[in-house]
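Subject: Structure handover

Hello,

Please find the structure below, together with its sequence. My notes on what was found follow it.

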Amino acid sequence: VRTSESHREERKMIGWVTDRIKKVMIDSIKHGPIPKHVAFIMDGNRRYAKQHHLDDKTGHSIGFDILQQILEVSLQLGVNEVTVYAFSLENYKRPQNEVSGLMELAAEKFTAMMHENEIIDKFNIRVRIAGDMTDVHPATRKAMDDVVSYSQHNTRAILNVCFAYTSRTEIVQSIETHRHRSHSSPYLDCSELSSHLHVPSSPCLLVRTSGEVRLSDFLLWQSTFSCISFLQVLWPNFTVWHFIYLLLSYQSKLHDEFNTTILHDDDGGAVKKEHEHTN
């Protein structure tokens with residue numbers, strides 16, 4: 001009869017082997033092109049909660065924990081910017097108790113990020129908030145302001161949190177910003193518009209979980225040339241292994257793209273076309 005001690009030892013051994021395989025995979029991926037900027041639509045928290053007979057706030061809380069795990073792996077790999085869709089302006093249409101729960105949870109998580117040895121200090125991350133703060137609860141707004149101020153001088157990586165956000169609103173606000181700042185020149189080109197966006201850089205890789213195949217008003221302008229992946233997995237079930245698969249697929253797509261975009265000079269020699277996505 002196997003004892004509980006033997007079960008613990010077996011789980012410990014399996015965990016050790018899994019961690020070693022994960023490290024080997026991550027080290028292998030580092031030898032290929034790494035996306036500089038990765039964006040996530042973290043969809044499926046409520047469905048996960050329903051499947052596991054949990055309340056919505058608990059489902060969202062688990063989702064935040066998954067984000068921290070994926071963010072840590074991203075930074076270990078050399079990704080230097082991550083953007084997440086945390087709360088859409090459309091989410092205000094949900095039941096008031098769920099909205100209030102999300103606001104409370106966001107305040108808790110932003111505050112926790114500032115604790116010593118948490119991910120902001122560990123990886124020298126600068127946090128930026130993108131969205132319309134007009135109707136954000138005061139306690140949540142204060143937590144956001146605090147974490148932005150706390151991390152403003154960090155330089156290794158950027159975490160953009162899109163909260164009370166939609167891309168169409170962001171684009172309109174960008175146009176309005178240009179109009180107020182450029183009285184002498186009404187002309188607005190693509191570069192100028194991009195410079196006024198809350199998230200000015202474009203993601204190399206954009207991921208949506210839950211099986212939904214749409215962007216839901218997220219980074220519509222910035223994702224024009226992004227590699228977009230839709231996964232049939234709820235966000236709380238999203239693991240490092242899913243992320244490794246996405247990165248390998250990304251590297252494979254870039255390899256195929258490179259093979260079809262070799263340019264030739266006048267003498268017939270090959271000229272390498274540089275890809276913005278790689279570091």
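Which residues are buried in α4? They are Glu98, Val99, Ser100, Gly101, Leu102, Met103, Leu105, Ala106, Ala107, Phe110 and Met113. Buried means under 20% relative accessible area, exposed over 50%, and partly exposed in between, with a 1.4 Å probe and protein chains only.

Before the rest, some notes on the basis. This is a predicted model, in which local features need pLDDT of at least 70 and side-chain atom pairs count only at pLDDT 80 or more, while totals for chains, interfaces and linings use all residues. Residues are numbered from 1 along each chain as its sequence is written, and side-chain values use heavy atoms, with hydrogens and water left out.

Overall picture

The protein chain has 9 helices and 8 strands. Helices (H or I, at least four residues) and strands (E, at least two) are DSSP runs, numbered from the N terminus. Of its 279 residues, 43% count as buried. Taking contacts (heavy atoms within 4.5 Å) between residues at least 6 apart in sequence, 74% join residues at least 24 apart. The accessible surface of the protein chain is about 15,400 Å², and 53% of this belongs to carbon and sulfur atoms. Accessible areas come from the Shrake-Rupley method with a 1.4 Å probe; for residues, only the protein chains shown count as cover.

The 18 residues of α4 should span 26 Å at 1.5 Å a residue, and the end C-alpha atoms are 26 Å apart, which agrees. The expected span is 1.5 Å times one less than the number of residues.

Helix α6 (residues 138-151) has 14 residues and reaches 20 Å from first C-alpha to last, close to the 20 Å expected. Its buried residues include Thr140, Ala143, Met144, Val147 and Ser151. These cover an arc of only 100° around the axis, so they sit on the same side of α6; the arc is that of the directions from the helix axis to the C-beta atoms. On the other side of α6, Pro138 and Lys142 are exposed. The cover over the buried residues of α6 includes α4, α5, β3 and β4.

Aromatic pairs

There are 9 aromatic pairs in the structure. Rings of Phe, Tyr and Trp (its six-membered ring) pair if their centres lie within 6.5 Å; planes under 30 degrees apart count as stacked, over 60 as edge-to-face and the rest as tilted. Phe40 and Phe238 have ring centres 6.1 Å apart and planes at 70°, so this pair is edge-to-face. Phe40 lies in β1 and Phe238 in the loop between β6 and α9, so the pair ties together parts that are 198 residues apart in sequence. Both Phe40 and Phe238 are buried. Phe40, Trp235, Phe238 and Phe243 form one aromatic cluster.

Phe87 and Phe163 form a stacked pair, at 4.9 Å centre to centre and 20° between the planes. Phe87 is in β2 and Phe163 in β4, so parts 76 residues apart in sequence are tied together. Phe87 is buried at 0% relative accessible area, and Phe163 is buried at 3%.

Other points

Most residues other than glycine have a negative phi. Ala164, in strand β4, has a positive phi near 55° and is buried at 1% relative accessibility. Leu219, in the loop between β5 and β6, has a positive phi of about 50° and is buried at 0%.

Regards
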